[in-house]
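Please look through the structure shown here before reading on. The paragraphs below go from the pair of chains to the domains, and then to a strand and a loop.

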There are 2 protein chains.
Amino acid sequence: MKFLRVKMDELKVYTEEVPEKYQKLAGRALTSRLICDEVPATCHPLGPKAKLFIAPGAVTGTSAPSSARVSVGGKSPLTWGIKEANAGTPVAQYLARLGIKALIIEGETKDGYWTLKVSKDAAKLEPAGDLVGKGLYEAYHALKERYPGAGFIACGPAAERKLSMSGVCFSDTDGRPSRYSGRGGLGAVMAAKGIKFIVVDPAWTSPVVAENRELFKTGQAKLADAILTHPLSKPGGTLNTYGTAALINALNEAGGLPTRNFRTGRFEGAAKISGERMAEVVKERGGAGMMGQGCHPGCTIKCSNVYPKPDGTELVSCIEYESDWALGANCGIDDLDAIAEMVWHCNDLGIDTIEAGVTIGVAMEAGLLQFGDAAGALALFEEIRKGSALGHILGQGAAFTGRAFGVVRVPTVKGQGMPAYEPRAVKGIGITYITSPMGADHTAGYTTAPEILSVGGKADPLSNEGKADLSKAFQDTTAFIDMTGYCLFIAFPILDIASGFEGMVETVNAVLGTNFTGADVAKFGGEIMSWERGFNRAAGMTSAHDRPPEFMRYEPLPPHNTVWDVPDEELDKIAGN
Amino acid sequence: MKFLRVKMDELKVYTEEVPEKYQKLAGRALTSRLICDEVPATCHPLGPKAKLFIAPGAVTGTSAPSSARVSVGGKSPLTWGIKEANAGTPVAQYLARLGIKALIIEGETKDGYWTLKVSKDAAKLEPAGDLVGKGLYEAYHALKERYPGAGFIACGPAAERKLSMSGVCFSDTDGRPSRYSGRGGLGAVMAAKGIKFIVVDPAWTSPVVAENRELFKTGQAKLADAILTHPLSKPGGTLNTYGTAALINALNEAGGLPTRNFRTGRFEGAAKISGERMAEVVKERGGAGMMGQGCHPGCTIKCSNVYPKPDGTELVSCIEYESDWALGANCGIDDLDAIAEMVWHCNDLGIDTIEAGVTIGVAMEAGLLQFGDAAGALALFEEIRKGSALGHILGQGAAFTGRAFGVVRVPTVKGQGMPAYEPRAVKGIGITYITSPMGADHTAGYTTAPEILSVGGKADPLSNEGKADLSKAFQDTTAFIDMTGYCLFIAFPILDIASGFEGMVETVNAVLGTNFTGADVAKFGGEIMSWERGFNRAAGMTSAHDRPPEFMRYEPLPPHNTVWDVPDEELDKIAGN
């Protein structure tokens, strides 16, 4: 494996041997370590000292199931702290097959935007040319024609405007701009470096083979068996049938579905935007619509989808639970077609659907438009597209929009918009939002599993009891999983099926040459988190940043009429503040 | 003396005895202590838990010379740290004569804006009525007619929009809206509480008489003598003749006049906007124009002015050095009439001239308009006035505008725009900007005195040698002066004339009943600063916030081609981080 270091001030690409200290790292562990080692914590995230790191997971590119995750890391222009955002995409596999342990992009050019082309024998930069400024659907369509068989990484038009809700976009199995390292504005970092597209051509490469083939085979079988057995992840199971939006009804039932900018925990329109309804629409309309799609070859969970227009032609892929909630319930919008159209705009502009939806909710709170106004919400994407002053406000995210208009009810932590679980009604995930070094992030420690889904045990979502420990255990374990390259959804089967957990660890050891035990998973994950917290401290964050939005402390949330009442000391236990 | 506590959630005013712990405090010492005691450090500055404090200085209202300062304090919506901003105004004297040690405004009302009326026998709230939303010139004109003889405190239309460049406005000797506690957005805090105007009627009150009349008389005589003797502060001296804008030529000469968003330290148009030129214009045009005006009765320094239109009628009062620089050199504008007009807009909208000018410089850096475009700059005030999206960006200040447009060259510290002295060319004031708990603030420790003006000794502005100690000494001493109610300009005479310094301390002791020695001045000032730093730490600030804008470290500043190279350890010595 190698590092590709792209020096944009020189417009040159250097191939480097991987220093020993990084050889046993991958994915989030690698990007976070590199950030700590190479990025000055107090630098401007869009300035010349900032860097962007792209690293596939440890087992990515092998035949391990559901393992095509790639981590993107850097200093976030949204939170101004450390950021890792990962995506599931065939491009992750291509990078691994090309032997690229990490792409490192540094320096900056004032000489326009560039395309980095990476293939088996070469890595070079050329001017990005005519596709600069174009929507990503048009751009990816053109790239597909120009580079058949390749995968694409890009930042979108929003990133060109340095908007901090910009994600880094990866192509899906059909070359669509739909798989995102969405959170934290890393697309704007990519744009600030001067890189617009990365073309990753896997021609003449083969799947990655584990160093210890026997151990890998054993582990792979155990893990695959667990995935194929568990009711959430198995073929024909919940995720495969309804997609992640199956959570809409579950959270609504629990009173934890944030509605109208976190004013209530139930949405009267929930059924109309649920995963169940989505599956019905797909069936009713026929044509291009499909549930149960994989985001990469080798996934058996297949939770993705293609949402059709009324005439059956493709509207967008895919509508995730978080996007559905953010642009739906959180804005008081119960129209799936409108939500799908907004997701299309997010993909085309290259922005994070969660941050977009939370921002629109705050704009509604500010009185710029009414809750439930789908046409008005859609029009806001045009503001971002044309780069109006309003677009520059919205595009910088929910916290920024709140400050622009003096809004006090702003559901963010460390400047990042809260995802689809109400902290006042689901306390464990609230602790994760508040204490994660990434800012409010549900994927950082998904305690919703025991709190809502009865996976990995059962926990009362409304209770504070033991929740700090629960969140910490989930956060530490997740940091490890984010290193492996496995999709976080393997957490459901491996939480409930011990052999699946073993299999996960064994495949990682087989590839990295490590000797992780089961107990090491949370331990090493905790170490990764401590690096990340160290960066944030050096960047200026303290326990005061591990705090909820103030209004959640004094405003009771219907229907349970609970406030955020987890003691600050419990929060501080997690980071050791 | 008493506290007036205005509970906006009850729409009631309570008179409180001053608790013993606050009796020996006044001005900044009192507002900062009250903030630490009563405001949760992590609260939203525009939320219901935030409070606003208004406190005249210790000797304010007496016959002590140049002593009509009033401190406004709260959690800043600009820096999200502690804030004290003081103004020189007859209203400070009225508050003291009414026996009001502090006005405390807390809670919030959703029931529109209110006017607080304070007089000898009463304090009551009434709906603010027809003057809400009006420019402050129109509003103050109406208030003067309705309440003859009273002084006025207000937040302007910008504050009603919760813009964090909004100041708290005080009336001058002619009832104009021209004396500002400008920095840090405390106008928006006032508006968020629901208070629009405060009418302060001094009828049937008398000047404050010191407890120890003899000591006061002695001290007052010494101080007055120093002020009347020193070349900067004496009648016919520099400040009296040219106003504070006398500094334009001095800083330009030193290569420390930040020009075109801090790109160079010299402005080719400096002479056209200098204090010397301003005095000529006033003389040439005749009519209403005047140099050498006092901001309150009892000032002998008289550094204020009225700037006339070409036809001799009044355009605006007054053009300070900072305003002149911010809206002039910093924007590449060399047209005094245009600068005067922009100052008028600032006064009318209720915004800080420094933050406005630094923000326009950043907007120019972002390419929204060209440097030197006076008409374009003037048009931006209309955006703020009408509350457009662009107005909401600009109105939130320079750091916010920089983030909106992805600008890396943003001259702010802790989110507050840098004033008129280039840190790379005047190192001591740079240390003050960077380490002051207030954010970039020249009045927090004016080392320019020895570095540029040869007052209080001489120091090479380009040298780092001893500058941390110099800045700390100035910051500590300034915190004390900000308690006294004296204008900071007494610093010039008392730095050079020892008996003046003694007189300052004696008058304070005579009024407060304290026993401060000369050595106690910096010591007690340092204690006030430690309270303020404690609040900021609790609000989440660390040594990482005591850092310069990154670009100043790597971008040399012409003409001296120096970068910011004061070691971080020197900065950290000041706050004891």
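Helices (H or I, at least four residues) and strands (E, at least two) are DSSP runs here, numbered from the N terminus. This is a predicted model, in which local features need pLDDT of at least 70 and side-chain atom pairs count only at pLDDT 80 or more, while totals for chains, interfaces and linings use all residues. Residues are numbered from 1 along each chain as its sequence is written, and chains are lettered from A, with ligands numbered from 1, in the order in which they are written. The scores of the model are ipTM 0.97 and pTM 0.98.

The arrangement of the two chains comes first. When the copies are superposed by least squares on the C-alpha atoms of residues with pLDDT of at least 70 in both, chain A is brought onto chain B by a rotation of 180 degrees with 0.0 Å of shift along its axis, at an RMSD of 0.0 Å. The two copies are therefore related as by a two-fold rotation axis. Ala389(A) is the residue of chain A that comes closest to the rotation axis, with its C-alpha at 2.8 Å. The same surface serves both copies, since 96% of the contact residues of chain A recur in chain B; two residues are in contact if their C-beta atoms, placed from the backbone, lie within 7 Å. In these terms, 28 residues of chain A are in contact with 28 residues of chain B. On the side of chain A that touches chain B, two or more residues come from each of helix H15 (389-394), helix H16 (398-405) and helix H22 (518-539) of chain A. The residues of that side comprise 13 nonpolar, 10 polar and five charged, where Ala, Val, Leu, Ile, Met, Phe, Trp, Tyr, Cys and Pro count as nonpolar, Asp, Glu, Lys and Arg as charged, and the others, Gly among them, as polar.

Within chain A, the domain assignment, whose bounds come from an automatic or database source, gives domain 1 (2-200) and domain 2 (231-496 + 542-575). The centres of these two domains of chain A, taken over C-alpha atoms, are separated by 24 Å. Between them, 56 residues of domain 1 of chain A are in contact with 44 residues of domain 2 of chain A. Strand E5(A) gives the largest share of the side of domain 1 that touches domain 2, five residues, and that side holds 24 nonpolar, 23 polar and nine charged residues.

Strand E9 (residues 151-154) of chain A can be followed residue by residue. Gly151(A) and Ile153(A) point one way from this strand and Phe152(A) and Ala154(A) the other way, and all are buried, that is, 20 or more other C-beta atoms, placed from the backbone, lie within 10 Å of their own. Two strands pair if DSSP finds at least two bridges between them. E9(A) is joined by four bridges to the antiparallel strand E12 (residues 195-200) of chain A, where Gly151(A) stands opposite Val200(A). E9(A) also pairs in the antiparallel sense, over two bridges, with strand E10 (residues 168-171) of chain A, in which Phe170(A) is the bridge partner of Ile153(A).

In chain B, Pro423(B) lies in the loop between strand E17 (416-417) and helix H17 (427-435). Pro423(B) is buried because 28 other C-beta atoms lie within 10 Å.

Conventions: Buried ≥ 20, exposed ≤ 12 C-beta atoms within 10 Å, placed from the backbone.
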